[in-house]
Amino acid sequence: ELGVCYYPEQWPRAKWEEDARRMVELGLAWVRIGEFAWAHIEPRPGEFHWKSMDEAVDVLGKAGLKVILGTPTAAPPKWLVDRHPDILPVDVKGVVRKFGARRHYCFSSRRYRIEAARIVEAMAARYGANPFVHAWQTDNEYGDHDTIHSYSDEARRAFREWLAARYGTIEALNQAWGTSFWAMHYNGFDEIDLPNNLVEEPSPTHLVDYMRFSSDQVKSFNKAQVDIIRRHSPGRPVTHNFMSQNTDFNHYKVGEDIDVASWDVYPMGGLLNGRLSAEDKARYLRVGDPDQTAFNHDLYRAVGRGRVWVMEQQPGPVNWAAHNQAPADGMVRLWTWLAYAHGVDMVSYFRWRQAPFAQEQFHAGLLLPDSETDQGYLEVAQVIEEMKRIPRGEAREKAKVAIVLDYESRFATRALPQGRGYAGAAIALDWYSAVARLGVDVDIIGQHSDLAGYALVLAPDLVIVDPDFVARLKASDAKILFGPRSGSKTRDMHIPENLPPRPLCDLIDLRVTRVESLPDFHDERVLHGNSSYPVGTWRETVCTGETVLATFEGAYRNGSPALVGNEKARYLATLPQGEFLLKLIGEALAWAGVETLPDLGDLRVARRGRLHFAFNYGPAPAAVPAKPGATFLVGESLLAPADVAIWTVD
Amino acid sequence: ELGVCYYPEQWPRAKWEEDARRMVELGLAWVRIGEFAWAHIEPRPGEFHWKSMDEAVDVLGKAGLKVILGTPTAAPPKWLVDRHPDILPVDVKGVVRKFGARRHYCFSSRRYRIEAARIVEAMAARYGANPFVHAWQTDNEYGDHDTIHSYSDEARRAFREWLAARYGTIEALNQAWGTSFWAMHYNGFDEIDLPNNLVEEPSPTHLVDYMRFSSDQVKSFNKAQVDIIRRHSPGRPVTHNFMSQNTDFNHYKVGEDIDVASWDVYPMGGLLNGRLSAEDKARYLRVGDPDQTAFNHDLYRAVGRGRVWVMEQQPGPVNWAAHNQAPADGMVRLWTWLAYAHGVDMVSYFRWRQAPFAQEQFHAGLLLPDSETDQGYLEVAQVIEEMKRIPRGEAREKAKVAIVLDYESRFATRALPQGRGYAGAAIALDWYSAVARLGVDVDIIGQHSDLAGYALVLAPDLVIVDPDFVARLKASDAKILFGPRSGSKTRDMHIPENLPPRPLCDLIDLRVTRVESLPDFHDERVLHGNSSYPVGTWRETVCTGETVLATFEGAYRNGSPALVGNEKARYLATLPQGEFLLKLIGEALAWAGVETLPDLGDLRVARRGRLHFAFNYGPAPAAVPAKPGATFLVGESLLAPADVAIWTVD
Amino acid sequence: ELGVCYYPEQWPRAKWEEDARRMVELGLAWVRIGEFAWAHIEPRPGEFHWKSMDEAVDVLGKAGLKVILGTPTAAPPKWLVDRHPDILPVDVKGVVRKFGARRHYCFSSRRYRIEAARIVEAMAARYGANPFVHAWQTDNEYGDHDTIHSYSDEARRAFREWLAARYGTIEALNQAWGTSFWAMHYNGFDEIDLPNNLVEEPSPTHLVDYMRFSSDQVKSFNKAQVDIIRRHSPGRPVTHNFMSQNTDFNHYKVGEDIDVASWDVYPMGGLLNGRLSAEDKARYLRVGDPDQTAFNHDLYRAVGRGRVWVMEQQPGPVNWAAHNQAPADGMVRLWTWLAYAHGVDMVSYFRWRQAPFAQEQFHAGLLLPDSETDQGYLEVAQVIEEMKRIPRGEAREKAKVAIVLDYESRFATRALPQGRGYAGAAIALDWYSAVARLGVDVDIIGQHSDLAGYALVLAPDLVIVDPDFVARLKASDAKILFGPRSGSKTRDMHIPENLPPRPLCDLIDLRVTRVESLPDFHDERVLHGNSSYPVGTWRETVCTGETVLATFEGAYRNGSPALVGNEKARYLATLPQGEFLLKLIGEALAWAGVETLPDLGDLRVARRGRLHFAFNYGPAPAAVPAKPGATFLVGESLLAPADVAIWTVD
Ligand SMILES: [Zn+2]
Ligand SMILES: [Zn+2]
Ligand SMILES: [Zn+2]
């Protein structure tokens, strides 16, 4: 089903009926409202003006739309922060971040917790049983604009409490943080400070604990809202709209408390800020990274424990990136079908009509500011037409291949990158991309996820490994490919006692005795079979009893193992890229008995039940890898650029 | 006439007579003094030591020099800022900017307004009727070192007052700023804060209003001084020395209150900080951008409503740029003649003698620190010799071509650039350069300027358009070429109601339905005639009833109009550069019936009355485009590098 | 002799005996402990826990090791900074730098002076006469993490006092700082502020005085500790471990107060942060800059007035650079022999065992975290074996060539760089490298150093020259090659009265009338003999009565002198690089009668008494320039990459 984001408070009352009518006419079923309406519904302390919101819900609902109501806590009103300045977040330099945009609150502010509960309670009480309200969204885009990490006095107080709860005694903390180093010893939790503005880097455990604490603050902030909503509005699903692969907090943990995960899809900015080379960014300029969006669908499917929506789908060019190119014509349709193929059950476009004022006036909508239809509108209409040809009820199946994304491991490498530019997110996406180019569906999993059914588990950057996860891997049928740094840190951010990757010793016989991070201008190489490949900026020296499958080449430790393994597990001592990565992933898939297609190049495929999908991200027409006898429901076997094909095979 | 900047307070009393004598001997007529003398004349609160300044004026005047007296407000003494710390400006991060250099004051400090008035009153009272004082300069280089924008408490207070005056009611402000977006609603002007240290970007209207406010503060600060001076020193022109194309405040508005605009000419640093490619910077390293200085002469001629001086002319290498190359020998002469050709009536060199101490000791003077003559001195002597051959009384005529420079539009694109690197200043200079390479004189105009006589008006970046300006354009004989973004924002920084460029709809039938900013690594192309050209980083999709004169090429919206127009107006939907820009400007000039020369390459020409000038910025000798029968007063028809020719044609 | 850095407080008591035994077994003689132990020995105010440290000294001493005891002042405990927050340093932006790493103190804090004296007194009293304590180290790495310059209230107070002592009267300061410029006049020392957060650059004299003050604070802080130690522990040498060529303070002055200079050798990070091009960094990636380490040995030999140790020798890959490549196998051995060849008498490796926790867990040790031997251990064992073949008692002789490194000159160009990227350190190292490639040993000297015996003195960046040094140069037998900017500033940071390089006028007849700094993209050239060479980013115009040995080429002042000289002194008006620099240095050596070898390329040589050393930094084997009849004690005449040869010639 499709929907749209709408801001009644930004438009004259007289336009609402017409807007609602046109939404329904287009074929939309859902409408999200309310997530920035606090100042609108409570313009002065305690003075609630419900009338406008009441009418908006009524008008939209009566037109036939299902309302998703957002809690407005992402933007507290000015009068509130003026009364309680300790609501405001503080940046890493120690400067208070002021009112005037959004997300101007600190998750640790006790006062803001009270105020947020008050407004959510008021909204939930008023609309919880409203027949037009079919779902709730908490807040908006946790983590946007670096707002997970605040360095306020309230954050310091809460961090101390969190540490006391985690460690029990200060000596336990001293042990974990390694404070015998550099005389950093603490005599009590009230001596602990936040890890900003230090003379040099803090203990990595100090940093990672601060990231864990900040992550937990998001979870408890969100859960408080969910609890209130559930009390007043039972039976309506609660969601939160996450952002494209933000790793400032543990999304799985927030996901535990909601019913559906949703996320906001902006592939154009994602491309420019992303992992690709300038050459590839130019190639995919108006279609986006062919794998980034799919990766996130798969990730948030895991966060939502199977249920995932798109709450904001880019409908045209936007405003917030360094440059803001337009999507190629056809991409709004393509992204909608891509979402569906990856198991997404609702796609909501952001936004109905382009706003002619304020910060996002360069952000396209389905309608232009003058209410004429924009390109996105036409493509949505096409999708809605096409949907009629698609059988309902097809469900995305569990994949054969899983990639582990572990938030604590991301915290770990952020605290202790060791080499500038080491980015777990880019590495994981590169691995995902290699699998996708071979036509294989992927699940993203956490260490808590069920492993049943996976033939291959990829762990590109699993730095901190749970013993339980290792045990379950061992007990599973899956083969596993580990990237470098796997198992290299304990939960306390120490090197494991018998060297990395000690926690993996039940799976593979290996000791990493040396790690190197290397600058870009250096050409490190690996010999695999008879071919020599350049590799990236990470190299480990390993001692192993396992079979050596590839070796480093060159003057320095020539012949040192670069890939080792046994029948269950393989370990990479470097970061292969490009063709070499594609080759290694292909070999791993073959090893695990997963069927692959020849390299798809710019094409991508996906399956949802009996439905097969293909998407063309390239500049030229491409032949779809449909088996003979395929029945095309949408498109055909030769796929134009930015085009979609959907078929079934009997 | 020529002059020089002199600092008697920096030299022993014994040197003054000799210095004055040598100035006169060289042929200088003017001398500027006093603009950093506050601590010298009032070393302690209320304790005035006039003797030294009295003598300086006397010595210089009696030697035959006309004194320009600067008010010393650009550098309040330490005792003053220690007594009143709220004089100090605050930077965008919220850090107080301390004493120890110059411009350490906030334009909004009420206390500083009082103190500035006090010292100006004292100086004007003492020297207003002095027969040797022939002109006044207010303060020094408003805007240097980012000092227009202060984030002090005083600035916040004044900003609130300014907003209350502008909007009358808070609801009018809420409407203009679009505060229904992101719950930014205000209940009163006392809730408004300055737009710094926010979580994300403020409303663009908030930002632009802050820039307008800051600009108005400069105007009122300056006017207060002018009023005092006029009271005590009637009949003497008052000027201010502006900087090369600073756009932090509206110079036309400050220009309204003074008698002559002057500006400070430093082409070497200007080149390095400027618009050109590294390759072109290398080509012009020691001669400077061939158009930047001329552009500024033309701009400040407009700011001074016809009267323009150069208050500081670079005499050799200086100290403040990242690198400080020397001008080629001959350039000081060239720049002096260039100024004259563009209508400048007085050129004053900065400075008489290089200071061997303090911040600018690497800044050349006409004399070396040991009082020997430096290269600049010799070139000034040559100019003075050559001037004798030039008939007096020739006036710069109004040009046939005008380029619109609108400060509010610059504020607008700074608040809402939409694409990193969008720079109105560079675009306008590129357009100017194309006209100049075709041998055509240009006027810079504002929207308030008289349009009579213009055959072609170029509006490269006129984002906010006055309806009155459009009406006058329509009524004029001028043809107009608009750049992209023209008319794209209302005065309140909204998108116009029926889409951009709505305010231009009386001139051209056009709707911009989509804008894109594009990264440098992308190759966008336009087809014009049979040729394909690369274009820059801005692209618009337009719907138009006008003739399409060029179209975009490529996979994305192939054939979409890139240049459209009718008999009166043309609109560019992109930013052409290099050869393509030169071609389009050439066609526009032909369309408007303006006579052009073949591409001048590194040569530039100008006319002042009957006098024709040519300047060679290239590395090789070049033939001057003088008509047969030309009489050369300076130079000859083959022009050496860095050389000047002046001729008349009967 | 060899040693190692050890942290008993970081390891279980049970491991100490075993560790000590293995150190001795390896052949180590020294062990450094204690320099971060404050919180360990005084965990709460006044509560001393000596037992652990007592035992550590005892265990190590009884095993046969000589203990170097570090004072723990580089890391005051948390309880101390909580009680006295004015101990904390303040960064240049005015932000307090917090506890949580190390070096979190301001040298000007009166409270910290008291506390530092208290803890040093306590340690010195307890261990001063301990038979196992053979030497002391004060603090740790003065200057690491930009900690010389603090902008605290305490620093401001102390700076005012320092200025009052230096200038006596405020008018003397006004004169020196040139406060007649920009009305910066001061009425008293209590008006002076620190030179941070100004609107623009402060007076360069203000800046240089602040650097001198900060440098003097280090000297007095250090001397206070030395005095206490000497009182309690007479006869034991006191050292401090300096860092690779930090120029934030005058090391010669701190060196005056200690018995041995020591420094910390980390060539891998040094390469990446250093002077070389990316191409050369790739070439030398795992061996380091072939000259940087040698340069520093020679520098600290001067700082230690002949006595120099290596306190921390990199034993493998580390953690703190942007990238952290491993040294090639063999380099730990090579660096050890290199140190010996350059006169170093003790090399201590950092650290015994890699720490599995806290900030430096990626920093290798001689042992891996699991106590297995790492590569460094094996190489140390090899060195110890080889040492047995080397005759004792050979001393490094005074070189024939000296390079002047003057800290005040470095302060001067930092305060007034005039061209971005001007870096005295890189220039001096380039000159050193040219001498080294010609096989010639070098001494680094200060202006105070004895000049006897030098045939050639190189002064690449001697901006501020002492008249006494000039007189001694003149009286010496040395020929001198001056770089540009030599003698260009007085002690007060003024241009000398009769233009630079006035203070050198007794040596060379020269006036610099113009200086230029040039951007990288410009190609400035010099004609020398019949060859044309590119030169760097500095060019001066000189008037001279001396012989012109090379001239600038090109359109700008073609033929202007680039190198001039007489029989005693030569002056370069530009910064030659690469082959041209090698050629000029070679000619200077020939001029001075110093015997050279043909260009050694990647090879380097050194002599210590009768011992000749060669080191191969290249990727290919190379022939050692040993004379016929050489007796090889280590290695042989064809030297493998990363290999060392030692021979004698009878
Ligand atoms: Zn954002
Ligand atoms: Zn400046
Ligand atoms: Zn450091």
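Hi everyone, thanks for coming. One thing to keep in mind throughout: what we have here is a predicted model.

Let me start with the inside. The largest nonpolar core holds 220 residues. Which residues have the most contacts inside it? They are A:Leu28, A:Trp337, A:Trp352, A:Ile585 and A:Phe615. Helix H13 of chain A, residues 331–341, gives the most to this core, with 9 residues. There is also a second, separate core, of 219 residues, and B:Tyr7, B:Leu276, B:Ile390 and B:Val463 are included in it. As general background, nonpolar side chains in soluble globular proteins tend to be buried together.

Please find A:Trp352 on your screens. Leaving aside residues up to four places away in sequence, A:Trp352 touches a run of partners that includes A:Val4, A:Cys5 and A:Tyr6.

Now over to chain C and its own helix H13, residues 331–341. Why do I call this helix largely enclosed by the rest of the structure? Because 11 of its 11 residues are buried. They run from C:Met331, C:Val332 and C:Arg333 through to C:Tyr340 and C:Ala341, with C:Trp335 and C:Trp337 among them. Notice that C:Arg333 and C:Thr336 are on the buried list too. Just after the helix, C:Gly343 takes a positive phi of about 100°.

Next, the contact between chains A and B. How many residues does each chain bring? Chain A brings 61 and chain B brings 49. The area buried between the two chains is about 4,700 Å², and carbon and sulfur atoms give 57% of that. On the polar side, 25 residue pairs are in polar contact between chain A and chain B, both residues being at pLDDT 80 or more. As for which elements of chain A take part, those giving two or more residues to the side that touches chain B are helix H2 (38–41), helix H4 (78–83) and helix H11 (278–283). By class, that side of chain A has 31 nonpolar, 14 polar and 16 charged residues. Across the interface there are 6 salt bridges. For one to look at, the side chains of B:Arg557 and A:Asp329 meet in a salt bridge at 2.9 Å, N to O.

On to the loops, starting with A:Glu546, in the loop between strands E15 (531–544) and E16 (547–553) of chain A. Is A:Glu546 buried or exposed? Its relative accessible area is 16%, and the cut-off for buried is under 20%, so A:Glu546 is buried. The side chain of A:Glu546 reaches the backbone nitrogen of A:Asp509 at 2.7 Å. A:Ile508 is 38 residues away from A:Glu546 in sequence, yet their C-alpha atoms are 7.4 Å apart. A:Glu546 touches both A:Ile508 and A:Asp509, and also A:Val564, A:Gly565 and A:Asn566.

C:Asp291 is buried, with a relative accessible area of 1%. C:Asp291 and C:Tyr432 are 141 residues apart in sequence and 7.5 Å apart in space, C-alpha to C-alpha. Besides C:Tyr432, C:Asp291 touches C:Arg275, C:Leu429, C:Ser433, C:Ala436 and C:Arg604.

Last, some backbone geometry. A cis peptide bond joins B:Phe350 and B:Arg351, with omega about 10°, and in chain C a cis bond joins C:Phe350 and C:Arg351, again with omega about 10°. B:Arg351 lies in the loop between strand E8 (344–349) and helix H14 (375–387) of chain B.

Two residues other than glycine have positive phi: A:Arg485, near 75°, and C:His145, at about 55°. A:Arg485 sits in the loop between strands E12 (479–482) and E13 (510–517) of chain A and counts as buried at 3% relative accessibility. C:His145 is in the loop between E4 and helix H6 (153–167) of chain C, and is buried at 15%.

Technical notes:
Residues numbered from 1 in each chain as written. Chains lettered and ligands numbered in written order. Predicted model: local features only at pLDDT ≥ 70, side-chain atom pairs only at ≥ 80, totals over all residues. Heavy atoms only, no water. Core = buried A, V, L, I, M, F, W, Y, C linked by side-chain atoms within 4.5 Å. Buried < 20%, exposed > 50% of the residue type's maximum accessible area, 1.4 Å probe, protein only. Helix = DSSP H or I, 4+ residues; strand = E, 2+ residues; numbered from the N terminus. Contact = heavy atoms within 4.5 Å. Buried area = accessible area lost by both parts, 1.4 Å probe. Salt bridge = Lys/Arg side-chain N within 4 Å of Asp/Glu carboxyl O. Polar contact = N/O pair within 3.5 Å; in protein donor to acceptor, adjacent residues only side chain to side chain. Nonpolar A, V, L, I, M, F, W, Y, C, P; charged D, E, K, R; others polar.
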